[in-house]
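Here are a few notes to get you started with this one. Have a look at the structure first, then read on.

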Amino acid sequence: MNDYQSEAQLEEALIERLSGLGYERVTIRNTGELEANLKRQLEKHNSDVLGGTVLSDGEFEKVLNHLAKGSVFEKAKSLRDRMQLTRDDGSTAYLRFMNTEHWCQNEYQVTHQVTVQGAYKTRYDVTLLINGLPLVQIELKRRGLEIAEAFNQVNRYHRHSYGADNALFQYVQIFVISNGVNTKYYANNRRQNFKQTFYWSDAANNLITGLEPFADAFLEKCHVSKMIAKYIVLHESDKLLMVLRPYQFYAVEAIVDRVKAGRKHGYIWHTTGSGKTLTSFKAAQVLMNLPKVDKVVFVVDRTDLDDQTTKEFNAFSEGSVDGTDNTAALVKQLAGDTPLIVTTIQKLNTAITREHHAKTLDKLRRERIVFIFDECHRSQFGKTHKAITEFFEAAQMFGFTGTPIFAENASKNEHGKRTTKDLFTECLHKYVITNAIADQNVLRFAVEYWGKLRSKDGSLSDEEVAGINTREFFENPERIEQVVDWIIRNHDRKTHKKHFSAIMCVGSVDGLLTYYDAFKRRREAGDHDLRVATVFTFQANEPDKDADGQIEEVDFVADSGTGNEHTRDRLAACVADYNEMFGENQSVKDGKAFYTYFRNLSKRMKARDKADEPKDRIDILLVVNMFLTGFDVKRLNTIYVDKNLKYHGLIQAFSRTNRTLGQLKSQGNVVCFRNLKEATDTAIRMFSDENPVETILLEPYEHYRDQFNAAVEALLAIAPSVDSVDGLISEEDQLRFVKAFRAVMRLRNVLTGFSEYDAADLQLDPQAFEDYKSKYLDIYDRVKKSEDGEAVSIVDEIDFELELIQRDEINVAYILSLLNQANKDAAKGDTSESEKKRDAALNLLGNEPQLRSKRELIEKFIRDYMPNIENGNSVEQSFTTYWASEKEKAIGGLCAEEGLERDAMDLIIKEYKFTGREPLPDDVVAAMIEKPRILERRRKVKRVAEKAVAFVHQFEEGIGAV
């Protein structure tokens with residue numbers, strides 16, 4: 001007898017618990033029974049509009065046809081809408097699929113092991129039905145197995161069966177995955193990875209991980225209905241579903257309760273990177289639907305955030321926000337019927353202080369307007385705040401901040417030292433950086449200090465020199481040259497060979513220009529190929545501007561003729577370099593042009609998150625204050641700091657690096673060229689709610705070196721040699737090997753980010769690592785090819801994390817360069833060297849994940865074509881001709897095999913290459929010469945879409961500059 005709870009036992013225990021929570025237990029074995037149950041439940045839920053009658057078979061067929069339409073995103077909209085049903089007698093009934101206004105007033109059932117015949121036969125573990133529709137799907141693994149296995153299984157169901165029959169399982173809003181001990185939830189969004197699954201928690205951020213307490217807290221009927229009705233967000237621009245995390249839920253609930261209870265203000269302390277825009281949007285959306293609220297105004301404090309935030313708000317709910325281009329437009333919105341407005345605090349201040357707007361806005365003085373201030377730690381401490389509170393007599397104000405202002409970090413102005421609490425009273429909900437790191441919502445920081453640079457004669461440290469003349473020392477060209485040397489040597493290591501970008505912040509514009517000139521001079525000398533861009537305001541420098549360590553507010557340059565003309569000319573020269581580098585036509589001739597350049601720079605940095613074209617990337621963005629707060633780019637992992645920072649300014653700047661993005665981005669890298677150790681520890685203590693500093697910072701290099709060597713010992717205990725991997729016959733042994741090697745990969749990924757990294761410190765040399773990696777990939781290939789939907793290998797339920805071993809610089813172009821050299825060596829008679837390079841190329845074809853789909857074709861080229869290359873022709877030229885021919889054969893064969901129009905298929909492939917999104921079913925059907933019958937359509941569409949994606953992966957990706 002097993003001494004652990006089986007998956008079946010875990011499933012039964014959960015169903016018993018849900019039955020105790022008021023769910024009706026029903027037996028539903030297949031989609032036919034699912035549809036029959038749906039009919040009964042919809043009749044019950046809509047008894048008022050159906051007049052107590054039942055739906056005829058014909059009427060219910062209309063309902064099924066209505067429900068079968070559209071994507072997951074469109075079905076989510078159908079769920080929230082009513083259906084206009086023309087009944088058999090000619091009357092009209094408006095069917096409701098879910099009561100989202102009174103979310104507890106729905107019909108609840110639980111079933112299990114529903115069998116669906118899609119591409120393969122699949123059985124789902126536990127399904128929660130609301131009004132007969134499957135809205136929550138729970139996938140379980142027995143205790144001891146990775147919870148990620150359940151996540152991978154859900155992804156297989158997406159591919160194989162959720163679209164089968166009338167696709168009712170595409171109505172799932174929330175997935176729950178659990179192994180009994182760990183339980184997580186996430187929205188029905190196929191584009192997310194395992195890192196975008198969440199634990200539930202209580203209001204104090206204590207995680208609820210066990211399946212039974214999770215069921216009590218999250219799956220309770222009213223709560224899960226509320227999550228679906230109020231806290232699923234339909235992201236319009238990306239056409240996907242998002243669900244709030246627990247701390248976001250509690251923050252919105254706290255704000256709503258505050259508004260319902262009275263007129264008191266409040267603020268939310270959620271650490272940087274925790275998704276404050278989504279939280280504030282949902283709060284605004286809920287508030288503007290409250291009868292007692294006249295208008296909601298979302299206020300940002302800088303022009304650069306106005307465009308970004310408006311775009312994000314509109315992405316959550318298309319057309320919900322009218323962007324305000326000028327003060328007159330804002331006044332018109334305020335006085336009109338626009339329920340939700342996004343604006344800047346500067347424009348809002350202008351609107352209420354200009355006399356000619358007074359009459360238009362006078363009626364608003366006594367209206368119930370709720371203001372939500374984004375990043376309220378920055379601009380809520382002067383005359384503007386006072387003006388707003390005095391003008392809007394009935395206003396209620398809420399602030400969001402990742403770094404509140406306390407007495408210790410408050411700056412003094414004419415109003416004295418004012419804290420966030422002074423302005424917004426109570427903190428309604430708190431989610432600090434240590435909470436976010438524990439939940440894996442943000443990354444830890446790896447901080448290195450390289451501040452021990454000596455004065456010219458070597459007698460004084462930087463701290464000692466700083467006491468004599470800080471600015472002269474830190475901006476000394478000789479010292480800056482040393483820092484540039486360090487960055488050139490280490491940038492590839494820090495950014496995974498430029499897979500990520502970096503920001504460098506310096507203390508003044510003069511210092512920035514010295515750095516920019518040094519990078520440019522060294523690039524022109526051929527010392528590096530880093531693409532450095534910059535932006536700064538051209539205003540007169542104040543003495544030692546960064547002496548207090550705070551990040552100053554950034555004012556965009558006004559009209560031409562203002563500011564420092566020398567720095568204006570220097571910035572214009574930098575912009576000219578930018579134009580040449582990226583084929584742009586930017587300028588800084590006036591304030592409007594400056595802002596246009598700023599936005600272009602910002603978009604180029606952000607574009608790396610969605611499409612990474614090497615020719616468009618910025619490697620290092622050089623700044624003084626800009627981009628250090630409120631700027632989120634997931635493909636940014638490093639900040640170089642040659643600037644005094646402290647308190648909230650330090651945390652904000654460091655936090656540009658720690659957004660999560662897959663396994664490759666294991667930490668945010670911070671390299672300080674000044675001694676900021678004490679300032680860092682102080683800031684972390686201030687904003688981590690007295691949690692240990694070590695929770696936020698990575699351990700030293702030696703710690704991970706020792707962990708790596710221990711992981712290697714565990715690997716060798718399973719597979720003492722590379723060849724012994726072939727002897728791992730059982731799936732359990734293969735699973736142990738995969739997990740052990742994956743642990744080695746993860747630690748190696750962290751280690752290689754340290755400047756101290758030395759392969760000689762490790763007990764697995766680089767060649768042995770590559771050999772084991774090849775075996776690891778062999779197992780990956782086997783389990784992927786053996787996938788049949790019903791009897792899937794347990795190894796396939798592991799995340800292989802191939803991104804940790806994919807080397808972008810090892811592509812087809814690199815392979816061809818090796819083969820070209822091999823040919824040249826052979827022509828010189830150096831057979832040994834030629835064979836060595838050819839063998840190296842063949843090994844890479846097996847070791848690099850991005851090349852394995854191309855291996856057979858490249859091996860064919862090596863075997864059949866290379867021996868016939870004529871003298872004077874390069875391998876690259878011959879391969880280009882060969883590859884074009886094979887590509888044409890492949891696309892022609894695909895069209896012939898599946899009966900597709902060639903032009904239409906070319907458009908589908910082109911669209912996938914541009915967007916990265918799987919081909920739309922309607923586009924695939926349109927490409928078919930003969931349209932398949934309804935019963936065959938989904939399977940064929942899916943097959944063609946998968947073949948189109950595989951074609952792009954094989955022939956277009958990982959090629960390089962051939």
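1. A word on terms: two strands pair if DSSP finds at least two bridges between them. Strands (E, at least two residues) and helices (H or I, at least four) are DSSP runs, numbered from the N terminus.

2. Keep in mind that this is a predicted model, where local features need pLDDT of at least 70, side-chain atom pairs count only at pLDDT 80 or more, and totals for chains, interfaces and linings use all residues. Residues are numbered from 1 along each chain as its sequence is written, and side-chain values use heavy atoms, with hydrogens and water left out.

3. Now the sheet. It is open and has 6 strands, with parallel pairing, in the order β22-β27-β26-β23-β25-β24. At the edges stand β22 (445–449) and β24 (532–534); each has a single partner strand, so one side of each is left without a neighbour in the sheet.

4. Zooming in on one pair, β26 (residues 636–642) and β27 (residues 668–672) run parallel and are joined by 4 bridges. Y640, for instance, has V671 in β27 as its bridge partner.

5. Next, two helices. α29 (residues 831–847) and α30 (residues 855–865) pack at about 165 degrees with axes 10 Å apart (axes are lines fitted to C-alpha atoms, for helices over the stretch in contact, and angles run from 0 to 180 degrees between N-to-C directions). The pair is therefore roughly antiparallel (angles over 145 degrees count as such).

6. Who touches whom? R838, L842, L845 and G846 in α29 meet R855, I858, E859 and I862 in α30, contact meaning heavy atoms within 4.5 Å.

Terms used:
Parallel < 35°, antiparallel > 145°, perpendicular 65-115°, else oblique.
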